[in-house]
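User: Please go through this model and say what each label rests on. I want the values set against the definitions.

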Amino acid sequence: MEADYLYHIFNRGINSNLIFLDNENMSFFLKKTEQYVLPFFEIYGYCLMPNHFHFILRPKSNVGISSKISTSFKGLHCEESIYSKSLAKLFSSYTQAFNKVYRRSGSLLESPFKRVRIASEEYLRNLIIYIHQNPEDFQNYKFSSYKAVISNVETSISRNEILALFDDKENFISCHQKEIASSQFEI
């Protein structure tokens, strides 16, 4: 992954099995996201579903990454791969906790996780809508970035950048009323 480009990061449970059994699992995953992802990425969107998840992430510039490597990733030497390693740490940490709680062993997620570099603003806008529309009642869904974007509460989501892509909040909401076909995305 390269700094300053946007990426669609997604994965699902092995054989499409559930990876989040309840709201507590999803909340825990988001806490781990804060720990392992936020130091290295800007978040443009996300949605957690029972058997899969989506993120839209922009790796931060390498400036300042070196100091974070020593505190968060002891023993990792390759600065260029820190982005992938931070995501791998998130997935590994979540899987270990999930396995401990549910007394299971082995992989939880398909490997490797999927990533697609986002090539255009139009694709990005449609992807944001598509990701938010994953749940049936997406306007009220607790585990996506939709509500964080339209609210005024403090958030780690790149709200201003997202709203600028849609011109303003009203257009963001309006665009989400049109269904986006999944066939245009590499999933």
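Analyst: A residue is buried under 20% relative accessible area, exposed over 50% and partly exposed in between (1.4 Å probe, protein chains only). This is a predicted model, where local features need pLDDT of at least 70 and side-chain atom pairs count only at pLDDT 80 or more, while totals for chains, interfaces and linings use all residues. Residues are numbered from 1 along each chain as its sequence is written, and side-chain values use heavy atoms, with hydrogens and water left out.

User: Why does Tyr-102 count as partly exposed?

Analyst: Its relative accessibility is 31%. That value lies between 20% and 50%, so Tyr-102 is partly exposed. Tyr-102 sits in the loop between α3 (82-101) and β4 (114-117); helices (H or I, at least four residues) and strands (E, at least two) are DSSP runs, numbered from the N terminus.

User: What makes the nonpolar patch on the surface?

Analyst: Leu-18, Leu-21, Val-101 and Tyr-102 form the patch, with about 360 Å² of accessible area together. Patch residues have over 30% relative accessible area and no salt bridge; like charges are joined within 9 Å, and nonpolar side chains (Val, Leu, Ile, Met, Phe, Trp, Tyr) within 5 Å. Tyr-102, at 31%, passes the 30% limit. For the protein, the accessible surface comes to about 10000 Å², with 47% belonging to carbon and sulfur atoms (Shrake-Rupley method, 1.4 Å probe; for residues, only the protein chains shown count as cover).

User: Why is Thr-95 called buried?

Analyst: Thr-95 has a relative accessible area of 12%, which is under 20%, so the label is buried. Thr-95 belongs to helix α3. Leaving aside residues up to four places away in sequence, Thr-95 touches Gly-106, Leu-108 and Leu-109, contact meaning heavy atoms within 4.5 Å. Over the 187 residues of the protein, 45% count as buried.

User: Which peptide bond is cis?

Analyst: The bond joining Ser-111 and Pro-112 is cis, with omega about -5°. Pro-112 is in the loop between α3 and β4.

User: How do you know that Glu-2 and Arg-117 meet in a salt bridge?

Analyst: A salt bridge needs a side-chain nitrogen of Lys or Arg within 4 Å of a carboxyl oxygen of Asp or Glu. Glu-2 and Arg-117 have an N to O distance of 3.1 Å, and the pair therefore meets the 4 Å limit. This pair links distant parts of the chain, with Glu-2 in the segment before β1 and Arg-117 in strand β4, 115 residues apart. Glu-2, at 42% relative accessibility, is partly exposed, and so is Arg-117 at 39%.

User: How far apart are the closest N and O atoms of Arg-125 and Glu-121?

Analyst: They are 3.5 Å apart, and Arg-125 and Glu-121 form a salt bridge. The two residues are 4 positions apart in helix α4 (residues 121-132), which means a separation of about one helical turn. Arg-125 has 25% relative accessible area and is partly exposed; Glu-121 has 52% and is exposed. Elsewhere, salt bridges that share partners join Arg-12, Glu-110 and Lys-114 into one network. The structure holds 4 salt bridges.

User: Which residues are closest to the centre of the largest pocket, and how much space lies in the pocket?

Analyst: About 320 Å³ of space lies in the largest pocket. Of the 18 residues that line the pocket, Leu-30, Glu-34, Tyr-46, Thr-155 and Ser-156 are closest to its centre. A pocket is an open set of points on a 1 Å grid over the protein atoms alone, where a 1.4 Å probe fits, with protein on both sides within 12 Å along at least five of seven lines; lining residues have an atom within 4 Å of a point. Points are joined across faces, edges and corners, and the volume is the space filled by probe spheres set on them. α1, β2 (41-49) and α5 (146-150) each supply at least two lining residues, and α1 gives the most, with 5.
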